[in-house]
Amino acid sequence: MNNFAKVILFSLIVILAFVLFANVYIPHIQPSPPPAEETIDVGAMTMDKFIALGDKVFNGKGTCTLCHNAVVKRAPLLEDIAAKAMDRIKDPRYKGKATNAAEYIEESEREPSAYVVAGYGVTGTNDTVSPMPVTTSGAIGLSDVEVKAVVAYLQNLAGAEVTVEIPRGVPAEKKEAQAQPAPAKNVEEAVNKYGCGACHKIAKIAGAVGEIGPNLSRIGSKKTEAYLRRAVINPNADIAEGFLPGMMPQDFKDKLTAGELELIVGHLLKSR
């Protein structure tokens with residue numbers, strides 16, 4: 001047997017030995033199944049459970065506490081919003097249509113600029129434009145039931161009477177709207193789809209004027225491609241000066257397609 005044949009035979013023996021060892025002695029790790037989509041059964045929900053749902057959304061999916069907290073102070077505290085609602089409705093600066101506290105709180109989630117608390121508006125707008133993202137769209141995407149549950153939670157948090165009613169039916173079109181949206185075709189679609197512009201200023205993207213997060217208009221001249229990609233899929237890996245961990249949602253790695261990620265990163269690299 002020549003040397004080449006010996007090498008081939010030896011290699012095959014090593015490979016077979018490794019396969020045997022891996023299958024017999026190394027424990028098999030079963031990946032966890034993807035989390036099942038939570039079903040909200042409003043038909044059997046009591047008000048206490050509805051308030052608890054609002055608590056869960058407010059402190060979780062809604063990402064409200066990223067800005068509405070006493071440490072960051074990037075948005076007003078909401079512990080007494082139900083008590084202050086009527087005064088804000090009567091304020092000459094108010095541009096909404098609410099007539100009571102429940103309507104005002106819900107409107108604040110859907111149309112944040114209807115009333116901007118003094119000192120919390122987008123710079124240069126004289127407190128007429130709110131930096132807060134619309135909670136029913138973009139990366140947050142609260143359903144009608146979740147929006148009203150947050151209203152109930154905030155009314156209860158303020159010690160006020162909970163006047164919002166539990167929705168007793170979700171229209172079929174609302175259920176269909178929960179289907180996975182099509183991938184963005186360009187960077188502007190991607191930015192709008194995930195609500196990036198609500199928190200960041202991004203050059204050459206209409207409406208991307210947010211001030212909650214770092215200004216990304218010239219980020220391409222300061223950071224590498226690897227840094228920008230990491231900042232999207234693992235935002236706590238590198239914290240920008242003046243900002244706190246946890247401010248940016250941590251689940252974009254699960255929501256973005258690979259193509260959408262490259263669209264955003266590629267655009268930011270060109271922002272110089």
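This is a predicted model: local features need pLDDT of at least 70, side-chain atom pairs count only at pLDDT 80 or more; totals for chains, interfaces and linings use all residues.
Where does Asn126 lie?

**View 1. Asn126, a loop residue with a positive phi angle.** Asn126 lies in the loop that runs between α4 (101–110) and α5 (144–157). Its phi angle is near 60 degrees, which is a positive value in a residue other than glycine. Asn126 is exposed, and its relative accessible area is 68%.

**View 2. Thr63 and Thr65 in the loop between α2 and α3.** Thr63 is found in the loop between α2 (47–59) and α3 (81–90), and the phi angle of Thr63 is near 55 degrees, again a positive value in a residue other than glycine. With a relative accessible area of 22%, Thr63 is partly exposed. Thr65 has its place in the loop between α2 and α3 as well, and Thr65 is also partly exposed, at a relative accessible area of 28%. When residues up to four places away in sequence are not counted, Thr65 touches Phe58 and Asn59. The C-alpha atom of Thr65 is separated by 9.8 Å from that of Gly246, although the two residues are 181 residues apart along the chain.

**View 3. Helix α2 and its buried side.** The helix α2 has 13 residues and reaches 18 Å from its first C-alpha to its last, which is close to the 18 Å expected at 1.5 Å a residue. Which residues of α2 are buried? They are Phe50, Ile51, Leu53, Gly54, Val57 and Phe58. Because these residues cover an arc of only 155 degrees around the axis, they are on the same side of α2. As a general point, an α-helix has 3.6 residues a turn, so residues three or four places apart point the same way. The face of α2 turned away from the buried side carries Asp48 and Lys49, which are exposed. What covers the buried residues of α2 includes α5.

**View 4. The largest nonpolar core and a second, separate one.** The largest nonpolar core has 33 residues, and those with the most contacts inside this core are Phe50, Leu53, Phe58, Tyr94, Tyr104, Ile105 and Leu154. The helices α2, α3, α4 and α5 each supply at least two residues of this core. Which helix gives the most to the core? That helix is α5, with eight residues. Leaving aside neighbours within four places in sequence, Leu154 is in contact with Phe58, Leu78, Ile81, Ala82 and Ile105. A second, separate core has 22 residues, including Ala184, Ile205, Leu256 and Leu269.

View 5. Side chains of opposite charge can pair when their charged atoms come close. Asp144 forms a salt bridge with Arg110, and the closest N and O atoms of this pair are 3.0 Å apart.

View 6. Arg229 is partly exposed, with a relative accessible area of 23%, and Glu225 is partly exposed, with a relative accessible area of 38%. Arg230 counts as partly exposed, at 32% relative accessibility, while Asp238 is partly exposed, with a relative accessible area of 30%.

Conventions. Residues are numbered from 1 along each chain as its sequence is written. Side-chain values use heavy atoms; hydrogens and water are left out. Helices (H or I, at least four residues) and strands (E, at least two) are DSSP runs, numbered from the N terminus. Buried means under 20% relative accessible area, exposed over 50%, partly exposed in between (1.4 Å probe, protein chains only). The expected span of a helix is 1.5 Å times one less than its number of residues. The arc is that of the directions from the helix axis to the C-beta atoms. Contact means heavy atoms within 4.5 Å. A salt bridge is a side-chain nitrogen of Lys or Arg within 4 Å of a carboxyl oxygen of Asp or Glu. A nonpolar core is a set of buried Ala, Val, Leu, Ile, Met, Phe, Trp, Tyr and Cys residues joined through side-chain atoms within 4.5 Å.
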